[in-house]
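I opened a notebook for this chain today. I wanted to look up its strands, its cores and its pockets, one entry at a time.

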Amino acid sequence: MAASGMVPTDKAPYALVRATGDLAEGAAKLAGEVGSTAVEAVLAGANRVARRKGAAGAMGAMRPKPAEWYAFDDKDQDTPDWYPQGLTGSDDSGNIGVPAFIVSWYFKPEAGERGIRVSFLSPTSLKYQHALLVVAAPDGSYAPIDIHAGGIACYGDLLYVADTKRGLRVFDLNNLLDLRTAQNDLGEAKRVGRHGGKLHAFGYRYVIPQTDFWKVAKAGPHFSFVSIDRSGGTPRLITGEYQDKKTDGWVGRWDLDLAGGEPVDAFVMGHAKIQGATSHGGTWYLSQSAGAAANGRLLVYQGGEPVTRPFPIGPEDLTVQGGKLWSVTEFRGKRAVFGVSL
């Protein structure tokens, strides 16, 4: 029977090894052809608008409700194809010059795979913009990435994306590429890659090619979520495993800049259905889901037994921004980025 509640465990099974391969070369080839833009510029010209305190059904029976939340627009609320998963922000990055959140989504249908995307969202203007994440080859070709993207974390210009069975994919925000600069037709929503001498990304204007890969050294551990703890002397990257029914999901922390190897520490969380985890100021926060119709829970560990706090329906990844704890909800008609007190 698994131990209960943030119990230290062996770190060796979670060691990471670098596997860059030709990813950086492929990304450089594409970036050299298209040209990059900045997150700040993307947000200034973003094409979608979130609603402050929209999609109130996401809050369910939560009392008190969060002081602030931002709901995605009607099109993104209604789609049965795309589901929000990961969350990070400008405070994690330290390099993004305006307040911003970044949300990862995965494409659910088996047919017509469109990979994963991220949304850059401004809590100031409420404007947001999607970008497709791709893997590029040295010959200039590129393709979508078929993973769950259950968690993301941005440190500096590097965006870490959880790849469930493999480890952590890395994307450099210096390679945030605007396909319009290459005079491409963005209307071809069913195409990706090079066709007829033009570049396509399922109609998306922006793409970000993968530049690096940290793979699990030995198969077995799952990487379900990612976050960053900037509250100590050395920033740390946190990642761990969702378990649907078992309670032996793990969580570990690595010093940043990431150099691979074993984590600094690792723990068994002792709870099923943990969708996100982060630490801040010596306290652990675990986001626990309960399906599409019931409120989740926030488990707070300051030593001993956890304090349980109310959470919205379908809570996912966690991040700390502006002195608050933030998460994103995933279910159709209930999709929002929300913040609560630490």
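**Entry 1: a strand and one residue.** I started with a term: a strand is a DSSP run of E with at least two residues, and strands are numbered from the N terminus. I also noted that this is a predicted model. Then I looked up N295, which has its place in strand β24, residues 295–301. Is N295 buried, exposed or partly exposed? Its relative accessible area is 22%. Buried means under 20% and exposed means over 50%, so N295 counts as partly exposed.

I listed what N295 touches, leaving aside neighbours within four places in sequence. The contacts are M59, G60, A61, M62, A290, F311, P312 and I313. I also checked A217, which is 78 residues from N295 along the chain. Their C-alpha atoms are separated by 36 Å.

**Entry 2: strand β9.** I moved on to β9, residues 127–136. Eight of its 10 residues are buried, so the rest of the structure largely encloses β9. Which strands pair with β9? I went through them in turn.

- β3 (residues 48–49) pairs with β9 in the antiparallel sense over two bridges. The bridge partner of R48 in β9 is Y128.
- β8 (residues 116–121) is also antiparallel to β9, with six bridges. Here I116 stands opposite L133.
- β10 (residues 142–144) runs antiparallel to β9 and is joined to it by three bridges. A136 stands opposite Y142.
- β17 (residues 206–216) runs parallel to β9, again with three bridges. L132 stands opposite V207.

The hairpin of β8 and β9 has five residues between the strands, and L126 takes a positive phi near 70 degrees. The hairpin of β9 and β10 also has five residues between its strands. In that turn, G140 has a positive phi of about 95 degrees.

**Entry 3: an open sheet.** I traced five strands in the order β4-β5-β28-β27-β26. They form an open sheet with antiparallel pairing. E68 has G339 as its bridge partner in β28.

**Entry 4: the cores.** The largest nonpolar core has 30 residues. L30, F72, L132, Y142, V207 and V337 have the most contacts inside it. Among the elements that give two or more residues to this core are α1 (23–34), β9 and β27 (324–329). Another core, of 25 residues, lies apart from it and includes V39, A100, I116 and Y206. I then picked out F72, whose contacts beyond four places in sequence include W105, Y128 and V337.

Entry 5: The largest pocket holds about 450 Å³ of space. It is lined by 19 residues, and R48, K75, H130, F202 and Y204 are the closest to its centre. By class, I noted five nonpolar, six polar and eight charged residues in this lining. α3 (74–78) and β9 each supply at least two residues of it.

The second largest pocket has about 230 Å³ of space. Of its 14 lining residues, Y106, E113, D146, I147 and H148 are the closest to the centre. This lining has four nonpolar, three polar and seven charged residues.

Notes. Residues numbered from 1 in each chain as written. Predicted model: local features only at pLDDT ≥ 70, side-chain atom pairs only at ≥ 80, totals over all residues. Heavy atoms only, no water. Core = buried A, V, L, I, M, F, W, Y, C linked by side-chain atoms within 4.5 Å. Buried < 20%, exposed > 50% of the residue type's maximum accessible area, 1.4 Å probe, protein only. Helix = DSSP H or I, 4+ residues; strand = E, 2+ residues; numbered from the N terminus. Contact = heavy atoms within 4.5 Å. 1 Å grid on protein atoms, 1.4 Å probe; cavity = no way out; pocket = protein on both sides within 12 Å on 5 of 7 lines; lining within 4 Å. Points joined across faces, edges and corners; volume = space filled by probe spheres on them. Nonpolar A, V, L, I, M, F, W, Y, C, P; charged D, E, K, R; others polar. Pairing = 2+ DSSP bridges.
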